[in-house]
Amino acid sequence: MSDTRRRVKVYTLNEDRQWDDRGTGHVSSTFVERLKGTSLLVRAESDGSLLLESKISPNTAYQKQQDTLIVWSEADNYDLALSFQEKAGCDEIWEKICQVQGKDPALDITQDPIDESEEERFPEEIPETSHLVELPPCELSRLEEIADLVTSVLSSPIRREKLALALVSEGYIKKLLGLFRVCEDLDNREGLHHLYEIVRGVLFLNKAALFEVMFSDDCIMDVVGCLEYDPALVQPKRHREFLTKTAKFKEVIPITDSELRQKIHQTYRVQYIQDIILPTPSVFEENFLSTLTSFIFFNKVEIVSMLQEDEKFLTEVFAQLTDEGTDDSKRRELVNFVKEFCAFSQTLQPQNRDAFFKTLANLGILPALEIVMGMDDLQVRAAATDIFSYLVEFSPSMVREFVMQEPQQTDDDVLLINVVIKQMICDSDPELGGAVQLMGLLRTLIDPENMLASTNKTEKTEFLSFFYKYCMHVLTAPLLANTAHDKISKDLQEGSAKINPVCPDNFQTAQLLALILELLTFCVEHHTYHIKTYIMNKDLLRRVLVLMNSKHTFLALCALRFMRRIIGLKDEYYNRYIIKGNLFEPVINALLDNGTRYNLLNSAIIELFEFIKVEDIKSLIAHIVDNFYKALESIEYVQTFKGLKGRYEQEKDRQSQRISRYRRDARSLDEDEELWFNDDDDDDEGETVEKSRIEDDFSDSYGKYMEAKKGAANGAGNNVKAAALPTATAVTPNSSSASSVKTVSLPATPVMKTTLVGLVDYPDDEDEEDDDEEEQSPRKRPRLTS
């Protein structure tokens with residue numbers, strides 16, 4: 001398994017026609033009994049698990065591309081690729097596939113899938129006929145015939161394959177491009193239009209072997225030239241002029257490897273052909289260029305790998321990027337290079353992408369970003385933001401770790417997260433496109449869901465403490481600045497006029513505040529303790545609710561959403577804070593100011609109160625009804641506020657019943673009972689021992705009774721008086737019962753024991769005992785706690 005010749009990466013083509021990496025392993029060809037045939041097996045090099053098990057079917061078309069790739073389709077929409085580390089390994093497996101299918105290994109493709117209808121239509125073609133299509137001579141007078149031939153084969157997989165083989169074997173592509181130069185010299189527009197159809201059709205043959213020829217250095221510009229002469233256009237496009245004169249290849253650091261330079265040129269031009277020159281393929285043509293997509297994909301993988309292996313090159317890039325002496329234009333080019341480099345890295349398989357970003361981190365990508373994100377150049381800042389987004393998406397923990405390791409003596413302003421926040425706040429775009437992107441990155445960084453406890457149990461606590469200490473004041477600064485004079489504005493105006501000099505009328509500022517509120521709302525939902533402390537200390541909710549007066553309804557709704565999220569937590573600390581600050585007032589004023597308009601603001605406010613009613617948040621219900629019900633009782637188009645009043649009345653009745661239960665008229669104690677209580681105080685210590693013993697004696701026989709009495713005495717079963725009092729007062733008050741009650745307080749004797757049994761064991765007394773117990777227990781509780 002250590003043989004590197006058989007080392008491969010397994011790829012599958014997803015729905016977006018992009019290659020997804022399935023892992024790295026070692027390939028072998030083995031007979032599998034279950035599949036009843038020779039199969040390709042790939043076992044993962046990490047754990048030996050089976051990455052791929054694919055039977056070599058006699059009818060499956062396998063393609064060999066770029067000497068190290070084998071590509072095939074197992075179903076209509078399931079394409080597979082094996083990318084070999086070494087050409088020798090690819091050749092071995094290719095020979096095995098050709099052996100199973102009975103094909104010549106010299107070919108780069110075994111066959112194409114054949115539709116049943118095609119088999120029925122051309123049964124005579126399949127057995128012994130030549131595998132090549134007969135091409136007309138490559139002459140100017142035959143261009144129309146060649147164009148018709150190329151266009152006609154596109155609907156038939158087997159004829160496409162035969163034409164591709166013929167074009168490769170006869171070196172036909174170079175002959176056609178020679179004709180193109182002749183036509184262009186003669187300004188033969190008809191011939192140039194035919195050549196456009198021919199070259200476009202050849203690209204749609206979707207064959208890697210043809211691409212290798214067409215995209216070589218000596219052919220690609222002529223291919224682009226042919227594609228300029230679209231018959232549908234009055235004047236030809238000037239793609240070659242753009243590629244040679246307008247598009248400049250900038251080497252921020254000189255690239256000494258000629259192969260790498262050639263690969264970069266080729267990839268750029270092929271990408272240009274796919275994205276700019278060729279029209280967007282129709283539904284029927286979307287699979288025609290899948291091999292072209294694969295060609296670009298694997299080129300990018302190769303470029304990133306070659307650059308990453310060149311340590312001197314990357315070291316020099318970052319040295320110049322962070323050097324204060326580097327001029328602005330040079331730094332702009334360096335940043336754009338790193339951005340493009342990161343974009344190409346998305347083609348790497350996961351473990352290689354991990355190594356790629358770790359390499360960048362070791363080279364100092366984050367300190368470099370800290371410098372360039374604070375620059376005045378908008379292009380540099382935009383490119384730096386894109387690089388930062390790649391890093392955050394790859395590993396938020398890596399960014400958080402760097403941020404917390406920054407020297408604490410450094411001014412808060414130059415901390416990386418504060419640089420990001422300030423760039424968000426100072427975004428000059430009227431639509432705040434950059435600010436929205438940065439807000440999303442900040443949200444990812446402060447999201448506890450991606451702070452993995454298994455890797456670092458303290459990451460969440462440490463980072464959030466850091467963020468709230470050093471960064472939160474920067475984030476909330478615009479919000480606090482725009483709501484600073486709320487008290488003054490309240491003094492200036494009473495009532496419900498929706499004109500507040502504090503609230504920003506500027507649309508861009510309102511958008512920024514909405515973004516900040518969205519982030520704060522996220523914090524309320526996910527940070528609990530830290531944000532709660534911050535809100536309480538800064539009285540933040542009061543400041544936020546000033547924005548309920550904004551003329552921008554979306555901003556008022558953001559403020560309301562912030563409060564709704566707080567109330568949704570059903571946290572009594574928050575509830576007490578809201579009640580103490582009378583913070584429902586701006587919300588109710590906004591509702592009343594909105595009048596009878598049936599809009600989103602109206603619905604959102606009503607939903608807030610409906611939630612309080614449904615969840616029965618008693619403290620808030622009482623506060624709202626006590627302070628605002630008169631203003632709200634006229635709103636009858638929903639039953640929310642009447643429901644709040646109903647909840648309030650129910651709770652009030654419940655409370656009054658509970659109070660009245662403890663305030664019933666107490667029965668006057670007779671003199672003997674008074675004497676008993678007096679004696680009881682004097683003999684506390686002696687009674688404790690004796691009554692405990694009595695309770696133990698009776699615990700088995702009268703367990704249920706004692707439990708009921710203990711419950712009535714408010715759980716004071718360990719107190720001896722709890723046992724004595726219910727037993728004594730359970731008897732109907734008369735002279736004998738009084739003496740019996742007093743007897744209990746004396747030292748226990750067998751006679752006392754008998755008397756006690758007699759007192760509690762009359763079944764006829766049960767109902768009376770229950771009634772008396774319920775009535776007497778309130779009088780006894782103060783005694784139990786005295």
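Figure 1. Leucine 205 sits in the loop between helix H6 (189-204) and helix H7 (208-214). Helices here are DSSP runs (H or I, at least four residues) and strands likewise (E, at least two), numbered from the N terminus. Leaving aside neighbours within four places in sequence, the residues in contact with leucine 205 are Val153, Leu154, Arg160, Leu163, Ala164, Leu167 and Leu210, where contact means heavy atoms within 4.5 Å. One of these pairs is worth a look: alanine 164 is 41 residues from leucine 205 in sequence, yet their C-alpha atoms are 7.0 Å apart in space.

Figure 2. Asparagine 206 lies in the loop between H6 and H7. With a relative accessible area of 11%, asparagine 206 is buried.

**Figure 3. Helix H10 (residues 258-277) against helix H11 (residues 290-309).** Two packed helices are described by the angle between their axes and the distance between the axes. The axes of H10 and H11 come within 10 Å and cross at roughly 150 degrees; axes are lines fitted to C-alpha atoms, for helices over the stretch in contact, and angles run from 0 to 180 degrees between N-to-C directions. H10 and H11 are therefore roughly antiparallel (over 145 degrees; under 35 counts as roughly parallel, 65 to 115 as roughly perpendicular and the rest as oblique). The crossing is left-handed, a term for a near helix turned anticlockwise from the far one by less than a right angle, with clockwise giving right-handed. On the H10 side, the contact is made by Glu259, Leu260, Lys263, Ile264, Gln266, Thr267, Val270, Gln271 and Gln274. H11 contributes Leu292, Thr293, Phe295, Ile296, Asn299, Lys300, Glu302, Ile303, Met306 and Leu307. By type, the contact residues are 9 nonpolar, 6 polar and 4 charged (Ala, Val, Leu, Ile, Met, Phe, Trp, Tyr, Cys and Pro count as nonpolar, Asp, Glu, Lys and Arg as charged, and the others, Gly among them, as polar).

**Figure 4. Helix H13 (residues 328-345) against helix H14 (residues 350-363).** Here the axes come within 10 Å and cross at roughly 160 degrees, which makes H13 roughly antiparallel to H14. The crossing of this pair is left-handed. Phe341, Cys342 and Ser345 of H13 meet Arg353, Phe356, Phe357 and Leu360 of H14. The residues of this contact divide into 5 nonpolar, 1 polar and 1 charged.

**Figure 5. The covered helix H21 (residues 472-481).** In H21, 7 of the 10 residues are buried, namely Met472, Val474, Leu475, Thr476, Pro478, Leu479 and Leu480. The cover over these buried residues includes H18, H20, helix H23 (507-527), H24 and helix H25 (540-545). Histidine 530 is found in H24 (residues 529-538) and is buried, with a relative accessible area of 16%. Beyond its neighbours within four places in sequence, histidine 530 is in contact with Thr461, Leu464, Ser465 and Tyr468.

**Figure 6. Confidence along the protein chain.** The chain has a mean pLDDT of 78, and 75% of its residues reach 70 or more; pLDDT is the predictor's confidence in each residue, from 0 to 100. Residues 113-131 stay under 50, and the model gives them 14 contacts beyond four places in sequence. Where pLDDT is low, the predicted coordinates should not be read in detail.

How values were computed:
Residues numbered from 1 in each chain as written. Predicted model: local features only at pLDDT ≥ 70, side-chain atom pairs only at ≥ 80, totals over all residues. Heavy atoms only, no water. Buried < 20%, exposed > 50% of the residue type's maximum accessible area, 1.4 Å probe, protein only.
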